[in-house]
Amino acid sequence: MKITEHLANAKGKTLFSFELIPPLKGQSIQGIYDAIDPLMEFKPPFIDVTSLREDYIYKEHENGLLEKLSYRKRPGTIAICAAIMNKYHVDTVPHLLCGGFTKDETENGLFDLQFLGIDNVLVLRGDARRGDTSFIPTPNGHNYATDLLQQVVNMNNGIYLHEHAEDNLKTNFCIGIAGYPEKHFEAPNMKTDFKYLKMKVDMGAEFIVTQMFFDNQKYYDFVNNCRANGINVPIIPGLKPLANTKQLIGLAKTFHIDMPEDLCDAVHACKSEKEVKDLGIEWTINQCRELIKFGAPVLHFYTMSNAGPTKRIAEAIF
């Protein structure tokens with residue numbers, strides 16, 4: 001079932017969903033199941049599975065020279081989605097990335113998703129590789145999320161990379177995109193950010209999932225500005241409970257977000273990391289209650305494949 005159908009069926013009730021990270025290469029699917037099992041009592045209509053691009057490693061040879069090698073350490077997004085649907089009978093939303101994938105690989109991946117009955121995708125540009133100062137597109141890949149989005153839209157219209165015939169199979173993906181309540185870090189200003197977000201919606205994106213935020217006012221303003229700019233698709237807030245003191249700086253740096261002063265002050269007043277973790281959970285519980293009152297369609301949790309904190313929050317909310 002499509003995300004938009006789940007939201008329509010909810011009839012205004014706020015739903016629960018979460019995101020998982022594929023396990024490291026060599027690990028089994030059991031780690032994924034262990035991250036899902038504690039959360040199934042809250043009846044998520046869908047589960048996101050991230051996709052990570054390749055990275056570089058350097059192999060040193062006997063002569064001392066270093067060889068730069070491409071290395072993908074978290075494979076298996078499509079397989080994980082299929083396994084989740086088979087075991088839990090719940091929809092999945094695989095992430096599609098520009099970085100690390102050619103256009104042909106993307107098309108083949110979309111064929112596999114269609115074959116497996118996976119109805120939803122989240123289209124993202126993806127991050128730069130570690131060590132790269134900026135995003136570098138994969139040869140014969142996409143440079144921008146709009147280009148990747150267009151490829152999915154084309155396939156929904158029966159247009160493939162190397163052929164276009166009236167009798168071609170048309171895919172039927174419900175397409176999601178990312179939104180940034182505090183502005184994408186590469187956008188020069190919010191006006192430009194909304195311009196490209198509107199472009200993606202006009203191209204065919206049907207829902208938005210936001211970057212994490214810790215100040216609900218950022219989300220409220222983002223939703224209101226989206227509506228003022230003619231962006232009327234569902235906007236799903238992304239949430240992550242603070243887990244330790246280091247994340248005050250780490251999350252802010254990695255995801256280009258602001259940490260509220262009240263939260264920072266409260267963290268610094270804690271006497272142990274356990275107190276910080278408990279504070280992070282309570283902060284997110286309060287966020288959730290306010291977001292439900294605002295009318296958020298879904299509360300979407302970035303679990304980092306650790307179910308514990310999200311379970312405590314969901315127990316208090318759902």
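This is a predicted model: local features need pLDDT of at least 70, side-chain atom pairs count only at pLDDT 80 or more; totals for chains, interfaces and linings use all residues.
Modeller: Residues are numbered from 1 along each chain as its sequence is written, and side-chain values use heavy atoms, with hydrogens and water left out.

Biologist: Okay, how do you know that the span of helix H3 agrees with its number of residues?

Modeller: Helices (H or I, at least four residues) and strands (E, at least two) are DSSP runs, numbered from the N terminus. The expected span of a helix is 1.5 Å times one less than its number of residues. H3 has twelve residues, 77-88, so it should span 16 Å, and its end C-alpha atoms are 16 Å apart, which agrees.

Biologist: Which residues of H3 are buried, and what covers them?

Modeller: The buried ones are Thr77, Ile80, Cys81, Ala83, Ile84, Met85 and Tyr88. Buried means under 20% relative accessible area, exposed over 50%, and partly exposed in between (1.4 Å probe, protein chains only). Their cover includes strands E1 (15-20), E2 (46-49) and E5 (91-97), along with helices H2 (30-36) and H4 (103-116).

Biologist: Then why is alanine 8 called exposed?

Modeller: Its relative accessibility is 52%, so alanine 8 counts as exposed. Alanine 8 sits in helix H1 (residues 3-10). In sequence, alanine 8 and proline 297 are 289 residues apart, yet in space the C-alpha atoms are 9.6 Å apart.

Biologist: And why is glutamate 282 called partly exposed?

Modeller: Its relative accessible area is 38%, so glutamate 282 goes in the partly exposed class. You'll find glutamate 282 in helix H10 (residues 273-294).

Biologist: What makes lysine 43 stand out?

Modeller: Lysine 43 is not a glycine, although its phi is positive, about 55°. It belongs to the loop between H2 and E2. With a relative accessible area of 67%, lysine 43 is therefore exposed.

Biologist: How about asparagine 140: what is its phi, and why is it called partly exposed?

Modeller: Asparagine 140 has a positive phi near 60°, again in a residue other than glycine. Its relative accessible area is 46%, so asparagine 140 is partly exposed. The loop that holds asparagine 140 runs between strand E6 (120-124) and helix H5 (145-156).

Biologist: What makes a set of residues a nonpolar core?

Modeller: They must be buried Ala, Val, Leu, Ile, Met, Phe, Trp, Tyr or Cys residues, joined through side-chain atoms within 4.5 Å. The largest such core here has 61 residues, and Ile84 and Val121 have the most contacts inside it. H3 gives the most to this core, six residues. Apart from it lies another core of 30 residues, including Leu7, Phe214, Ile257 and Tyr302.

Biologist: Last one: how many cavities of 30 Å³ or more are there, and which residues line the largest?

Modeller: The count comes to one. On a 1 Å grid over the protein atoms alone, a cavity is a set of points where a 1.4 Å probe fits but cannot get out, and lining residues have an atom within 4 Å of a point. The largest cavity has a volume of about 30 Å³. Ile3, Phe46, Asp48, Val93, Phe207, Val209, Ile236 and His300 line it.

Conventions. Contact means heavy atoms within 4.5 Å. On a 1 Å grid over the protein atoms alone, a cavity is a set of points where a 1.4 Å probe fits but cannot get out, and a pocket is an open set with protein on both sides within 12 Å along at least five of seven lines; lining residues have an atom within 4 Å of a point. Grid points are joined across faces, edges and corners, and a volume is the space filled by probe spheres set on the points.
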